[in-house]
Amino acid sequence: MFKMFLALFGRTMTRIILVLLSAICVTAVSPVYRFAVPEPFSGPDIFNPYRNVLKKNGETLWKRALFHTHTMVKGIFNECHHTPAEVSDSLRGFGYDLITFSNHNSFTDLPAGSALDVNVYEHGWNLPTCVYHDLNNVLNRCSDFVQINHPTRTWLTLKSTMEKLEGYTIMELDSGRTTAQEYWDWALSCGHYSFGMANDDLHFPDLTHKIAVRCNFLSTEGEDYEAVRKCLTEGGFYSMRIPDYGHGDWKVKHEMNRHLPDIREIGLEGSEIFIKLSDTADSIVVTGQDGRRLDTSFGCDSLRYRFRESDSYARLTAFFPGGEVIYSNPFARYDSSLSDSPFKVPEHRISVPLTILYNMMLLVLSVTLILAGIGFFSKQHEKKD
């Protein structure tokens with residue numbers, strides 16, 4: 001009996017492995033690129049992502065927003081067992097002004113009506129969780145902008161990958177492992193400009209440590225799509241990591257979320273970056289090329305940093321005593337006579353010979369696996385007979 005069980009288990013596992021290997025081969029079909037040599041940002045001008053921030057009654061206007069949220073959807077593939085209305089109500093209770101639902105491969109409407117819908121979706125259900133350069137280019141052609149989601153959960157997010165990957169506008173920050181964001185600096189150091197955004201990737205609105213722990217603040221008056229799109233594509237927003245106040249005490253968590261530190265002023269004067277905060281931070285750090293610390297100010301609520309000739313970019317991070325962390329978008333060198341921002345259009349060329357060779361190898365491997373599987377199960381059937 002035990003031998004029969006082992007034989008059945010072995011055949012089942014063999015089938016699963018063959019199916020998975022075949023699926024990986026099929027989904028790995030791709031062009032092979034000759035990537036351009038990465039170059040740091042350069043030019044006589046400094047790009048200021050906060051050039052168009054809005055003020056109201058003398059203070060910078062911010063709206064709290066979340067752009068990576070899951071809800072219950074139709075069908076069997078549910079990563080969240082709460083309805084859009086339930087998720088929206090939970091987030092509104094923490095002071096979120098702008099909420100989007102980013103369910104996989106589908107658009108989900110806001111319960112309040114379509115007037116405030118910002119159509120967002122998370123692309124794909126990939127077996128090996130990785131990002132493809134070609135996919136970014138395809139998505140960019142049919143959308144206003146592309147965001148790379150939870151890169152620290154992606155096992156192919158290597159320095160060598162970030163040095164080559166382009167075609168995205170926003171990098172999702174702070175997926176829980178670190179506040180350093182080194183993968184963002186790998187890309188920025190190679191001249192791949194992107195804004196930074198922090199999101200809950202919310203699946204469990206009923207757990208205090210999963211909700212309202214990351215968010216973004218947009219400088220926008222409107223909450224409709226055009227107003228949000230304008231802000232996100234210009235860079236007039238900052239991201240924030242928030243502690244799980246109360247550690248399970250919902251009352252404490254709601255109360256503390258009403259008193260978050262914020263940015264009062266941020267921008268560029270000449271070649272000098274400045275930031276002023278609502279509360280005193282433990283430290284404000286300026287990070288630049290290759291992730292180097294360019295400057296640090298301790299126990300302060302403001303900082304000014306003058307761009308040096310050797311600086312290609314600089315971004316600000318403020319660490320607060322309560323555990324909150326604020327991330328600014330990067331200021332970067334560029335030439336305003338050539339473009340209006342440091343964003344570059346990918347210029348990688350496809351290698352036709354290598355593309356043919358690579359995909360032919362995949363085809364041969366797929367056929368070999370299928371034939372091996374047919375042969376294996378035919379022998380097993382013969383043994384039975």
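1. Asp311 counts as buried, at 5% relative accessibility; buried means under 20% relative accessible area, exposed over 50%, and partly exposed in between (1.4 Å probe, protein chains only). Its salt-bridge partner is Arg308, with the closest N and O atoms 3.6 Å apart. Arg308 is partly exposed, with a relative accessible area of 42%. A salt bridge here is a side-chain nitrogen of Lys or Arg within 4 Å of a carboxyl oxygen of Asp or Glu.

2. This is a predicted model, in which local features need pLDDT of at least 70, side-chain atom pairs count only at pLDDT 80 or more, and totals for chains, interfaces and linings use all residues. Residues are numbered from 1 along each chain as its sequence is written, and side-chain values use heavy atoms, with hydrogens and water left out.

3. The mean pLDDT (the predictor's confidence in each residue, from 0 to 100) is 85, and 86% of residues reach 70 or more. Over residues 127–134, pLDDT stays under 50. Where pLDDT is low, the predicted coordinates should not be read in detail.

4. The structure holds 13 salt bridges. One of them joins Glu269 and Arg304, whose closest N and O atoms are 2.4 Å apart. This pair links distant parts of the chain, with Glu269 in strand S12 and Arg304 in strand S14, 35 residues apart. Helices (H or I, at least four residues) and strands (E, at least two) are DSSP runs, numbered from the N terminus. Glu269 and Arg304 also belong to a salt-bridge network with Glu272 and Arg306.

5. Lys276 and Asp301 form a further salt bridge, at 3.6 Å from N to O. Here strand S13 supplies Lys276 and strand S14 supplies Asp301, 25 residues apart. Both residues are partly exposed: Lys276 at 36% relative accessibility, Asp301 at 28%.

6. The largest nonpolar core has 41 residues, and Leu91, Tyr96, Ile263, Ile275, Leu277 and Ile284 have the most contacts inside it. Such a core is a set of buried Ala, Val, Leu, Ile, Met, Phe, Trp, Tyr and Cys residues joined through side-chain atoms within 4.5 Å. Strand S13 gives the most to this core, with six residues. Apart from it lies another core, of 32 residues, including Leu173 and Met197.

7. Is helix H5 (residues 182–189) mostly covered or mostly open? Six of its eight residues are buried, so the description "mostly covered" applies. Among the buried ones are Tyr183, Trp184 and Leu188. Just after H5, Gly191 takes a positive phi of about 85°.

Technical notes. Contact means heavy atoms within 4.5 Å.
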